[in-house]
Amino acid sequence: MTRFRTAAGAFLLLAAALPAPVRAQVIEDARVLPRGWVELRGGGIYTQFNSRFGGGGEEPLGALFSTQLQPLAERLLDPILPPLQTGLTSFFTGTAAQVTNPVTPAAITGGAVQARLAGDFRRAPFTLSYGLTRRIMVGVTVPFERNGTAVTSLLLRGGDVGPNTEATTNAAILAKIDPAYAALGGGALLPVTGTPAAVELQRRALALAGDTLKLPTRPINLNDLLASPPLAALLNEEETAALTQASAATGFQLGDVEVGARIQLVNGIRGYPFADSADRRGIRSTLAVSVRLPTAPRADTLFLLVIPRNAGHFGFSADLYNDFFLARKYWVTASAGYTQTFAASVLRRPFTVDRPFPSDTAVFRSVSSHPGSRIRAAVMPRYRLTREWSVAAAYQFEHGGATTYTASDELGDVVLGPVEQTAAWTSHSFGVGASYSTIEANLQGRTPFPVEFSILYRNSFAGSGFAAHSGTIEAGGRILYQLVGRPRRPRADSAATDSARALPAPPTAPPAVTPPGERPAVTAPGEPQPTVRPPAAPPAPPTSAPPAEPTTRPAHPQPQPRPVPPPPPAPPPTSVPPPE
C-alpha cells in the first residue's frame with residue numbers, strides 16, 4: 001500500500017509538470033488544497049447568443065450574412081418582380097376611370113433577406129489537482145470544446161408579393177375586364193392578401209368583373225425562388241449553398257491544455273474550505289499561474305458559418321483571487337486576471353470580396369493569427385444558508401484586444417467570414433449561483449465523502465466592439481481524497497496462516513476443580529483426567545428480616561420478584577431422662 005501511494009504521488013507530480021488547473025470554473029475562490037490531498041473536478045459550460053453589442057446598440061448575429069445574401073435574392077427576383085410591377089401599374093392606370101375613388105398603391109417589393117443565427121460554445125473541462133504543500137497546489141486540466149451556429153430562419157422579410165398558385169383562375173377573371181390583363185393574373189407572383197396593392201386589385205376585380213381573385217396568403221421565400229429551375233440557374237453552386245445554409249457544429253474536440261499552479265500568499269483564517277466559527281474574519285489570497293499548450297485544432301473550416309475559437313495558440317495566464325471573510329456566514333471573493341496568447345498559423349477558408357461563400361472543396365489558406373490580450377475582473381459576494389448550502393451573486397468585467405490576420409500568399413488581405421469579428425471588445429455580465437459542499441463536514445468526521453457541486457448563470461448586459469450578448473450556464477463538481485498522510489491500517493495477524501497442520505482437539509470434558517486446601521492431582525500423559533466434582537455450597541444463613549425499602553422510588557419502577565420466606569428454624573434437640 002505504501003508503494004502504491006508513493007507511485008501515485010510521483011505520478012501526480014509528473015502530471016503537474018505537464019498541465020494545471022483551469023482558471024475560473026463555476027464558483028471560484030482562493031482556496032488551496034491541503035498537503036497530500038487530490039481533487040478531481042469536472043463540469044460543463046454552455047454559452048448561447050444571437051446578437052452582439054455593436055457601435056449603435058445591439059446587432060443580430062446574422063446581420064453581415066443577411067447583407068451578403070441580399071444581392072443573390074435580388075438576382076432571383078429580377079426576372080419576375082419588375083414585370084409584376086409593370087402589370088399592376090398598367091392595370092391601376094387603365095381602370096382608374098371605371099371605379100369610384102381610385103387609389104394608386106405604392107410600389108411592391110420582394111423583401112429583404114433576414115438570416116436569424118444563434119451561436120453557441122460548449123466546454124467540458126476536467127481537472128486533476130494535487131496539494132504539494134500547504135500553500136502550493138498543482139494540477140492538470142484537459143478541456144473538450146464544441147462550437148456551432150444554428151440557422152433559426154432564412155427568409156425574405158417585408159415582402160408584399162407571394163406565389164400565384166391559382167394562375168389560370170386569376171387570368172380568366174382579369175380577362176373579363178380586358179384581355180390585356182390576363183398576363184397579370186397568370187404571372188408567377190401577385191400581391192399578398194391584405195397588402196394595399198392586393199386590397200385595391202381585389203376591389204376593382206369585384207367591381208368590374210363581378211368576381212374575386214385567389215390571391216396569395218403568404219409572402220414568397222427563398223425556397224420558392226430556388227424551386228424554379230430558370231431562376232435557380234442564375235446562381236452558382238456556392239451561392240445556392242449559402243441561400244440554403246443549415247445549422248452546423250464542429251463536434252467536441254480537444255481544447256488547449258493548461259499547465260500551472262496555485263500559490264497561497266496570505267491565509268488569515270482557520271478552517272477549510274471556509275472560515276470556522278471561532279475565526280470569522282480574515283483574508284485569504286492566492287495567485288494562480290498557468291501555461292496554455294497549443295493542443296487544439298488550428299482549422300476553422302468545417303462549415304461556412306463557423307465562429308473561430310482562437311484555439312491552438314501557446315500562451316500564459318495569471319489570476320489573483322482574494323477572499324474577504326466579513327462574518328460567520330458572509331464573505332466576498334474578488335479576482336483579477338490577465339491572459340496573453342501568441343501568434344500561430346491557422347487554416348481558414350479563402351474568403352474574398354468576389355467570393356464571400358467559399359465551399360468545402362476550396363483550397364484553404366494558411367494565415368497567421370495574432371489574438372489580442374485579455375484582462376478581467378470579478379466580484380462575487382457569497383452567503384452561507386446552512387453548513388452545506390451557500391448562494392452567490394457575480395459581476396464580471398472582461399476586455400479583449402483586437403485580433404489581426406496576416407498572409408503571405410497571392411490572395412492578398414485576409415477577408416473575414418460572414419459571422420466573424422476581430423475588433424477589440426468589452427463585456428459586462430451579472431449572474432447568480434448556488435453551491436452544495438460536504439468538504440467541511442467530512443474534515444470534521446460527519447460525512448464520509450468530501451464533495452462539492454455548484455451552478456452559476458451569467459448574462460452579459462452591456463458591451464462594445466461586437467461582444468456577444470450571451471447567456472452562460474456553468475455547472476460543475478469536485479471530489480477530494482487524501483492520498484498522503486492518511487493513518488495506516490493495522491496489519492492483519494499472520495499467525496493464523498501457519499503452514500503447520502493443526503491436530504484435532506481432544507474430547508471435551510468438564511473442567512477439573514480442586515477443592516480448597518488440596519493439591520491438584522497430576523496424571524501421567526495419555527491417561528484420562530480424574531473428574532473432581534465441586535463441593536456443595538453451604539446453606540445460606542437465614543435472614544432475620546427483609547431488606548428495607550429505598551426512601552426514593554425510581555420514576556419507572558421495575559417489577560420485583562416476590563420474596564421467598566426463610567425456612568422455619570429447626571426445633572431444639574430433646575434430651576431423654578435416664579431411667580430410674
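**Figure 1. Overview of the chain.** Of the 580 residues in the chain, 40% are buried; buried means under 20% relative accessible area, exposed over 50%, and partly exposed in between, with a 1.4 Å probe and protein chains only. This is a predicted model: local features need pLDDT of at least 70, side-chain atom pairs count only at pLDDT 80 or more, and totals for chains, interfaces and linings use all residues. Residues are numbered from 1 along each chain as its sequence is written, and side-chain values use heavy atoms, with hydrogens and water left out. The chain holds 10 helices and 20 strands. Helices (H or I, at least four residues) and strands (E, at least two) are DSSP runs, numbered from the N terminus. Among contacts with a separation of 6 or more, 75% join residues 24 or more positions apart. Contact means heavy atoms within 4.5 Å.

**Figure 2. Helix H4 against helix H6.** Two packed helices are described by the angle between their axes and the distance between the axes. H4 covers residues 167–177 and H6 covers residues 196–209. Their axes come within 9 Å and cross at roughly 60 degrees. Axes are lines fitted to C-alpha atoms, for helices over the stretch in contact, and angles run from 0 to 180 degrees between N-to-C directions. H4 and H6 are therefore oblique to each other. Angles under 35 degrees count as roughly parallel, over 145 as roughly antiparallel, 65 to 115 as roughly perpendicular, and the rest as oblique. The crossing of H4 past H6 is left-handed; that is, the near helix is turned anticlockwise from the far one by less than a right angle, whereas clockwise is right-handed. On the H4 side, the meeting residues are Ile173, Leu174, Lys176 and Ile177. Facing them in H6 are Arg204, Ala205, Leu208 and Ala209. By class, the contact of H4 with H6 has 6 nonpolar, no polar and 2 charged residues. Here Ala, Val, Leu, Ile, Met, Phe, Trp, Tyr, Cys and Pro count as nonpolar, Asp, Glu, Lys and Arg as charged, and the others, Gly among them, as polar.

**Figure 3. Helix H3 against helix H6.** H3 spans residues 81–94. The axes of H3 and H6 come within 11 Å and cross at roughly 45 degrees. H3 and H6 are therefore oblique to each other. H3 passes H6 in a left-handed crossing. Leu88, Phe91 and Phe92 of H3 make the contact with Ala197, Glu200, Leu201 and Arg204 of H6. The residues of this contact between H3 and H6 divide into 5 nonpolar, no polar and 2 charged.

**Figure 4. Ser66 in helix H2.** Ser66 belongs to H2, residues 63–77. Ser66 is buried, because its relative accessible area is 10%. Beyond its neighbours within four places in sequence, Ser66 touches Val113, Gln114 and Ala115 by contact. A polar atom of the Ser66 side chain lies 2.8 Å from the backbone nitrogen of Ala115.

**Figure 5. Arg262 in strand S9.** Arg262 sits in S9. Arg262 is buried, with a relative accessible area of 4%. Its side chain makes a polar contact with the side chain of Glu28 at 3.5 Å. A polar contact is a pair of N or O atoms within 3.5 Å; within protein, one must be able to donate a hydrogen and the other to accept it, and residues adjacent in sequence count only if both atoms are side-chain atoms. The Arg262 side chain also reaches the backbone oxygen of Asp29 at 3.1 Å. Leaving aside neighbours within four places in sequence, the contacts of Arg262 include Arg135, Met137, Thr286 and Tyr321.

**Figure 6. Ser390 in strand S16.** Ser390 is part of S16, residues 389–400. Ser390 is buried, with a relative accessible area of 4%. The side chains of Ser390 and Ser435 make a polar contact (2.6 Å). Leaving aside neighbours within four places in sequence, Ser390 is in contact with residues including Trp331, Arg382, Tyr383 and Ala434. Ser390 and Tyr330 are 60 residues apart in sequence, yet 9.5 Å apart in space, C-alpha to C-alpha.

Figure 7. The peptide bond from Tyr272 to Pro273 is cis, with omega near 0 degrees. Pro273 lies in the loop between S9 (258–267) and S10 (282–292). Asn310 is not a glycine, but has a positive phi of about 55 degrees. The loop of Asn310 runs between S10 and S11 (315–325). Asn310 counts as partly exposed, at 24% relative accessibility. Phe466, also not a glycine, has a positive phi of about 65 degrees. The loop of Phe466 is between S19 (451–464) and S20 (467–482). Phe466 counts as partly exposed, at 26% relative accessibility.
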